[in-house]
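Open the model in your viewer and keep the selection panel at hand.

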Amino acid sequence: MARDLDGGADGNDRAGGDSGASDNGEGSTTTASNATQERRRSIRNSIERRAIVGLAVATIALLLGIFYYPVATVFIDSVLVEGRWTGRVFVSILRDPFYFGEPARLLAGEPIGAVIEAALSPDRRLGVIGFTAYQAALSTVASVVLGLPAAYLLARYEFPGRRTLRSLTILPFVLPSIMVGVGFVATFGRNGTLNAVLGALGLGQVNLLFTLEAVIIAHAFYNAPLVARVTTAAWESVDASAVETARSLGASPLRAFRDVVAPQLYPSVLMGAALTFVFTFSTFPIVLALGGFQLATVEVFVYRLIRDLNYAEAAALALIELGISLGLLYAYLRYEAKHTVRSRGIRPLPRRPLTPPSFSVRELLPRMGLAVYAVVALAVFVAPIASMVLASLSGPEGLTLANYRFLIDRQTTGASFQVQPWDAVRNSLLFGIASLAVALPMGVVVAVLTTRDYRGRKVVDAVAMAPLAVSGIVVGLGLLRGLVFGVEVGGTRLAVGGGLAIIAAHAVAGYPFVVRTVAPGLESIDHTLVESARALGAPRARALVDIELPLVWPAVVAGAAFAFAISIGEFSATIVLASGTSQFTMPIAIERFIGRRLGPATAMGVVLLVVTSASFLLIDRLGGDDVGF
């Protein structure tokens, strides 16, 4: 028994030893597992801490590759001629009255008295740049004149559909310009809607096509809603108590408006006017469709020089335009930083019903003015789109689907060198999706960088927003010369295909709009939420992903819709990069059709309208009113 007891004891000892060994093994495994998890957590935290910096570096590198390097290539083309560094191309442009008008004669060495006399004469020459500035100034005035009544209507009156009408003020950033050009041709052409209405009324025909008036009206179509949007936002920010105080002190309604309301509207009106001037100074598709080469702006002449393979002069002229545009953009950003209204008043001004409560002169007069404005607005804003749709369904014998059948027939029977409609639609959609995949993350990262508080933030903002001031022609020329033609690296020529270059151009055009929609949302977030997350140990990137982006998600979706719609309608860079290739898009197809067949051009315009309208509806539903423009 003793042996048994001893054996049992030995067995117990052995069991206990085995159990201890097992515990030690499990403990070792658990320790190793914990160490592995800790290392992974440490690596993840390290990555998250550096994520924003890494994304910023990647975005800057991408921006250098697809924007700044191509633009620098344009500069090099203008000063490196036939292998020699020279400024003679710039000098010849500055001295040429064809480009700079009468002032160019001063640089050519002519007496100042003769130049002043010529400048004051009726036969003075504006030059291409002078005419570009002249039409931009007239377009700005027309846009302000058409935009302010719309702002007054939206800010001061309540009526069914007001919110939808306010949402329509983002049309300048959604509708492709070449499509609008087709609509204006269908409206103001010799056989257009306007002359049909005048003929029905027994009046004589007018021919506005290829005139300065048509160009200005088309620019107002695009930019008056912009003026209306920024002015409406400022008007809705006026505090009603300030106006009531002025009235209680004896001020008349007109005096209260002049002394209290108007000073708060001036900055927004000036900002809208400044943006309009920048946009119309670098105009291209509208002038090409409605003005032709006889009313050519700088952009049109740059395109013409590129088409003639005169790259040095095209690059120099484009850089002169770029310098002017960047100067205007920088002045706008500085002004915006000082005068933008960032919050609503404590109590906004009450809106009045559009239906007059009484038939007094005071109640009827402004509403009669709005009624007249509504007729003008219908003619300017609705008629071109309606005329395009009507022209696409019209033929010599009345309503017909022949224009759409032509598109189908062209797809099945057209020659290889002709535009294939379905290929154009497919290319537009593919380019839109691909450029969105680039523009959206770029825009979000830049929005984060430009909403943080650090020295030099405004410089970063101006550098990031430079594509707004650089025309598509310049970007397209730079991508063509820098990436498509390729660059020698170590004896090897590196080049990208035309399709990739088009995607890059579309991404450059679209990402600033992502920035301008997302940045205001990021700035308005309660920063205590972010600080609380940081205090609990969350890295900066984790706070951005888990807190900030979900709060501004509607703005991110709106920015994505903007970028996609802009890619679908981009024309200026695409026409440079797609020349001589099969990478044509819907806007390029419209341009090819419009010179020969207006009917098919309008049918393709309707197809383009349907595609871009989907993006517009997405902005309206998910983006809300508070976007950055």
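Select Tyr-69, Val-487, Val-489 and Leu-494: together they make up a nonpolar surface patch with about 320 Å² of accessible area. The model is a predicted one.

Stay on Leu-494, which belongs to strand 8 (residues 492–494). Its relative accessible area is 49%, so Leu-494 counts as partly exposed, the limit for exposed being over 50%.

Next, go to the interior. In soluble globular proteins, nonpolar side chains tend to be buried together. Here the largest nonpolar core has 129 residues, and the members that touch the most others are Leu-290 and Leu-317. Colour helix 22 (residues 498–524) as well: this helix supplies the largest share of the core, 14 residues.

Now centre on Leu-317. Which residues is Leu-317 in contact with, leaving aside neighbours within four places in sequence? They are Ile-93, Tyr-99, Ile-129, Val-298, Phe-301, Val-302 and Leu-305.

For the last stop, pick helix 8 (residues 177–188) and find Thr-187 in it. Is Thr-187 buried or exposed? Its relative accessibility is 4%, so Thr-187 is buried, the limit being under 20%. Show the side chain: one of its polar atoms is 2.8 Å from the backbone oxygen of Gly-183. Not counting residues up to four places away in sequence, Thr-187 also touches Gly-192, Thr-193 and Leu-194, together with Ala-383, Pro-384 and Ser-387.

Terms used:
Residues are numbered from 1 along each chain as its sequence is written. This is a predicted model: local features need pLDDT of at least 70, side-chain atom pairs count only at pLDDT 80 or more; totals for chains, interfaces and linings use all residues. Side-chain values use heavy atoms; hydrogens and water are left out. Helices (H or I, at least four residues) and strands (E, at least two) are DSSP runs, numbered from the N terminus. Buried means under 20% relative accessible area, exposed over 50%, partly exposed in between (1.4 Å probe, protein chains only). A polar contact is a pair of N or O atoms within 3.5 Å; within protein, one must be able to donate a hydrogen and the other to accept it, and residues adjacent in sequence count only if both atoms are side-chain atoms. Contact means heavy atoms within 4.5 Å. Patches are made of residues with over 30% relative accessible area and no salt bridge: like charges are joined within 9 Å, nonpolar side chains (Val, Leu, Ile, Met, Phe, Trp, Tyr) within 5 Å. Accessible areas come from the Shrake-Rupley method with a 1.4 Å probe; for residues, only the protein chains shown count as cover. A salt bridge is a side-chain nitrogen of Lys or Arg within 4 Å of a carboxyl oxygen of Asp or Glu. A nonpolar core is a set of buried Ala, Val, Leu, Ile, Met, Phe, Trp, Tyr and Cys residues joined through side-chain atoms within 4.5 Å.
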